[in-house]
Amino acid sequence: MWNGAHTAAMATITPIHRPTIFCTFGFTITAIKLPLRRRKWKPRQIAVSSARLTQPNTFLSVSLSNLGPNDEHPQLLPNTSEEDFVVVNFYHFVFIEDPEAEVAKHLYFTRDLDIHGRVYLNEQGINAQYSGPSKHARAYANWLREDPRFSDILVQVSPAINGHAFPKLKLRYKPSLVQLEGDFSHLPLLDPSKRATPLTPSEWRERLETMNSNRDTNYILLDIRNGYEWDIGHFQGAQRPTVDSFRCTSFGLSETKDAASDPLANVDKEKTKVLMYCTGGIRCDVYSTILRERGFQNLYTLKGGVSNYLKDEGSEQWVGNLFVFDSRLSLPPSAYNPEAGSCRTPQLSANNAFARCYICTSQVSLLRHRNCANLDCNLLFLCCKECVSELRGCCCSECTSSPRLRPVLPGPQRYQKWHIYRDFQQEQPT
């Protein structure tokens, strides 16, 4: 049985015997059915209200933490007010014996938190991107780091622009923490020796300086992101990826040796040093295990990805903005390094000569993608002001005659669900 000691509005629950548990209290406790596992448990306190509950083979998913939304972990987030909205990103590879039970615990803890985003868990760890008021975003990150399995996660924070950066919270089990074509469930992601060697931002900068100044042919700088991400910002010397979906990435894997589309084609796998980078680091960690299996010996990744680099090193060796997978779409380096200036809105890059309009190839002034106004196309592309006006927010003249045409959105707005525009009548140009 369980013993429950009721003191004011709090209760301390201690497990004594395990096989089948019957709970009877003089108050209501929110409970979640989860399979029982043999592990060590520590007494925790939870808030309860008056009534009773009797349920066999159930344990309370409240051995979570003593932290609540108002508790702080000063090392996690920058100095922001509790009302300021922020976006939080982190991932961690760790064995999770029962990921479905882990998901239930996370859902229970976040039930009263105002956070939106994507949080995926499976047997190999967690991958999370979410937004919310600083107080709530801090609470979830703090709670997670109280668990010894996640105590050393690198939590990265950037400012939201206008409230939530995600429409809702998706917190669930997902077979793959990142999407790649084929079955890669066998990848040894839990073994750090099977992944690339992580470099700190300062070590990464030094490697890039050496590579770019000496034109060292023993180095290859590999951008593991999508081509459209490169279009608004990248490290100097990085070749534009030829794919627009990470799931289709095949660097070093193709049988055809085409160096124009594959920087790893025809290289010496034992001598060539491959420097890999992506936004937050997880895509590189996953893909480097694949390259290890293909015989590449000298693999290096940027720890924490570009976002961590911009926080520590600023825009050294970096040009443009950073593409992000939320409603903000584009962030300047100052968003991660507030000392560099204001970071509440996407700003013009000091060096954006590389960025070109998808339609007319002229230089664009704002490093931020837009979606084609044709809902059935929805292409994500860079566009100059003149082409936006001439093609009414579409990517080509053909899309302008689409039956499901949305209005041209001004500034950094994002399109909403189609039903909002379905009765919209596009104004004809005069």
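The buried residues of helix H6 are Gly305, Val306, Ser307, Asn308, Tyr309, Leu310 and Glu313. The coordinates belong to a predicted model.

**Helix H6 and the residue after it**

- Helix H6 spans residues 305-313, and because seven of its nine residues are buried, it is largely enclosed by the rest of the structure.
- Gly314 follows H6 and has a positive phi, near 70°.
- Gly314 belongs to the loop that runs between H6 and strand E16 (318-320).
- With a relative accessibility of 10%, Gly314 counts as buried, since the cut-off for that class is under 20% relative accessible area.
- Between the C-alpha atoms of Gly314 and Pro332 the separation is 10.0 Å, and these residues are 18 residues apart along the chain.

**The largest nonpolar core**

- The largest nonpolar core contains 27 residues, of which Ile224, Leu264, Met276, Val286, Tyr287 and Leu291 touch the most other members.
- Two or more residues of this core are given by each of strand E6 (85-93), strand E12 (219-223), strand E14 (273-277) and helix H5 (282-293).
- Helix H5 supplies the largest share of the core, namely six residues.

**Salt bridges**

- The whole structure holds 12 salt bridges.
- Arg283 and Glu229 are both buried.
- Asp376 and Arg404 meet through their side chains in another salt bridge, with an N to O distance of 2.6 Å.
- Arg404 is partly exposed, its relative accessible area being 31%.
- A further salt bridge joins the side chains of Asp112 and Arg111, at 3.8 Å from N to O.
- Within that pair, Asp112 counts as exposed at 60% relative accessibility, whereas Arg111 is partly exposed at 45%.
- Glu102, Lys105, Asp147 and Arg149 are connected in a network of salt bridges.

**Charged surface**

- Lys168, Lys170, Arg172 and Lys417 form a positive surface patch.
- Lys170, a member of this patch, lies in strand E10, which covers residues 169-173.
- The relative accessibility of Lys170 is 40%, so this residue counts as partly exposed.
- Elsewhere, Glu203 lies in helix H3 (residues 201-214) and is partly exposed, with a relative accessible area of 35%.
- Glu203 and Lys303 are 100 residues apart along the chain, and their C-alpha atoms are separated by 9.8 Å.

- Most residues other than glycine have a negative phi.
- Asn266 is not a glycine, yet its phi is positive at about 65°.
- The position of Asn266 is in the loop between strand E13 (233-235) and E14, and this residue is exposed, with a relative accessible area of 56%.
- Asn378 also has a positive phi without being a glycine, with a value near 60°.
- Asn378 is located in the loop between strand E19 (370-371) and strand E20 (380-381).
- At 32% relative accessibility, Asn378 counts as partly exposed.

Conventions
Residues numbered from 1 in each chain as written. Predicted model: local features only at pLDDT ≥ 70, side-chain atom pairs only at ≥ 80, totals over all residues. Heavy atoms only, no water. Patch = residues over 30% accessible without salt bridge, like charges linked within 9 Å, V, L, I, M, F, W, Y side chains within 5 Å. Areas by Shrake-Rupley, 256 points an atom, 1.4 Å probe, with all protein chains shown as cover. Salt bridge = Lys/Arg side-chain N within 4 Å of Asp/Glu carboxyl O. Lys, Arg positive; Asp, Glu negative; His and termini not counted. Charge placed at Lys NZ, Arg CZ, Asp CG, Glu CD. Helix = DSSP H or I, 4+ residues; strand = E, 2+ residues; numbered from the N terminus. Buried < 20%, exposed > 50% of the residue type's maximum accessible area, 1.4 Å probe, protein only. Core = buried A, V, L, I, M, F, W, Y, C linked by side-chain atoms within 4.5 Å.
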